[in-house]
Amino acid sequence: MRVTVLVSGGGSNLQALIDAQSSGELGTAEITAVIASKPGVYALERAAKYGIPAHTVCRKDFAHSAEWEAALLAAINETQPELIVLAGYLSILGDGVVRRYAGRIINIHPALIPSFCGKGMYGLRPHIAALERGVKVTGATVHYVNEIPDGGEIIAQKAVAVLPEDTPETLQQRVMEEAEWLILPQAVRQFAINN
Ligand code: GRF
């Protein structure tokens with residue numbers, strides 16, 4: 001099953017998928033393309049190291065968002081994905097992509113939806129919000145992508161303890177290590193089995 005992974009940053013979730021594929025834990029799923037939202041991100045180095053074809057479709061290169069959305073849709077179509085995975089992808093997908101691939105786009109969010117999610121809740125922000133609220137448990141969620149940011153049907157979640165000495169950075173690292181990097185490959189493997 002062909003999987004296209006969309007990235008924007010360090011690519012640790014992409015790396016988790018690559019490692020799972022290398023160890024046979026992705027089943028029939030295969031990462032066949034990576035599309036970055038901007039050039040020079042470390043996720044592109046990770047793709048290059050494993051010989052995964054990569055493209056960049058950067059919003060700044062287009063005068064209007066409609067042009068960017070059309071270019072992104074064209075780039076995705078070219079990779080002929082059966083599943084699209086948003087792995088640390090920071091652009092909000094246009095409706096064109098969401099409609100064309102309805103039911104075949106999943107995202108990893110670094111909190112237990114419906115907590116600490118929605119527009120603007122990315123990177124460290126969910127972890128800052130969790131610490132400010134004083135929750136004792138947070139975690140990560142894999143969900144389908146629809147037109148509402150973080151609003152799609154939940155596929156998988158994994159809880160992670162919040163420790164008294166946590167900073168946003170230590171909490172983010174633990175949520176990635178103990179939750180994101182586990183449930184995302186599992187969700188991709190399960191999607192390949194179900195579809
Ligand atoms: C991580 O905080 C992840 O939870 C979120 O994007 C951030 C970077 O992910 N989805 P990655 O290292 O680029 O995969």
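1. A pocket, as the word is used here, is an open set of grid points where a 1.4 Å probe fits, with protein on both sides within 12 Å along at least five of seven lines; its lining residues have an atom within 4 Å of a point. The model discussed in this note is predicted.

2. By that definition, 36 residues line the largest pocket. Those lying nearest its centre are Gly88, Tyr89, Leu90, Asn107 and Tyr122. Two or more lining residues come from each of H1, strand E5 (105-109) and H6. The space in this pocket amounts to about 750 Å³.

3. As to composition, the lining of the largest pocket divides into 17 polar, 15 nonpolar and four charged residues.

4. What takes up the space of the largest pocket? The ligand does. Around the ligand stand Gly9, Gly10, Gly11, Ser12, Asn13, Ala87, Gly88, Ile108, Pro110, Gln172 and Glu180.

5. The shell around the ligand consists of seven polar residues, three nonpolar residues and one charged residue. Helix H1 (12-22) contributes at least two residues to this shell, and so does helix H6 (168-194).

6. Glu180 places a polar side-chain atom 2.7 Å from a ligand oxygen atom. For Asn13, a polar backbone atom is 2.8 Å from an oxygen atom of the ligand. For Gly11, a backbone N or O atom lies 2.9 Å from a ligand oxygen atom. How much of the ligand's area does the protein bury? Of the 360 Å² that the ligand exposes when taken alone, 88% is buried by the protein.

7. Two points of backbone geometry may be checked in the structure above. The peptide bond that joins Ile113 to Pro114 is cis, and its omega is near 15 degrees. Pro114 is located in the loop between E5 and helix H5 (125-133); strand E5 is also one of the elements that give two or more residues to the pocket lining.

8. The other point concerns Gln80, a residue that is not a glycine and yet has a positive phi of about 50 degrees. Gln80 is found in the loop between helix H3 (65-79) and strand E4 (83-86).

Conventions
Residues numbered from 1 in each chain as written. Predicted model: local features only at pLDDT ≥ 70, side-chain atom pairs only at ≥ 80, totals over all residues. Heavy atoms only, no water. Near = heavy atom within 4 Å. Polar contact = N/O pair within 3.5 Å; in protein donor to acceptor, adjacent residues only side chain to side chain. Areas by Shrake-Rupley, 256 points an atom, 1.4 Å probe, with all protein chains shown as cover. 1 Å grid on protein atoms, 1.4 Å probe; cavity = no way out; pocket = protein on both sides within 12 Å on 5 of 7 lines; lining within 4 Å. Sits in = over half its atoms within 2 Å of the grid points. Helix = DSSP H or I, 4+ residues; strand = E, 2+ residues; numbered from the N terminus. Nonpolar A, V, L, I, M, F, W, Y, C, P; charged D, E, K, R; others polar. Points joined across faces, edges and corners; volume = space filled by probe spheres on them.
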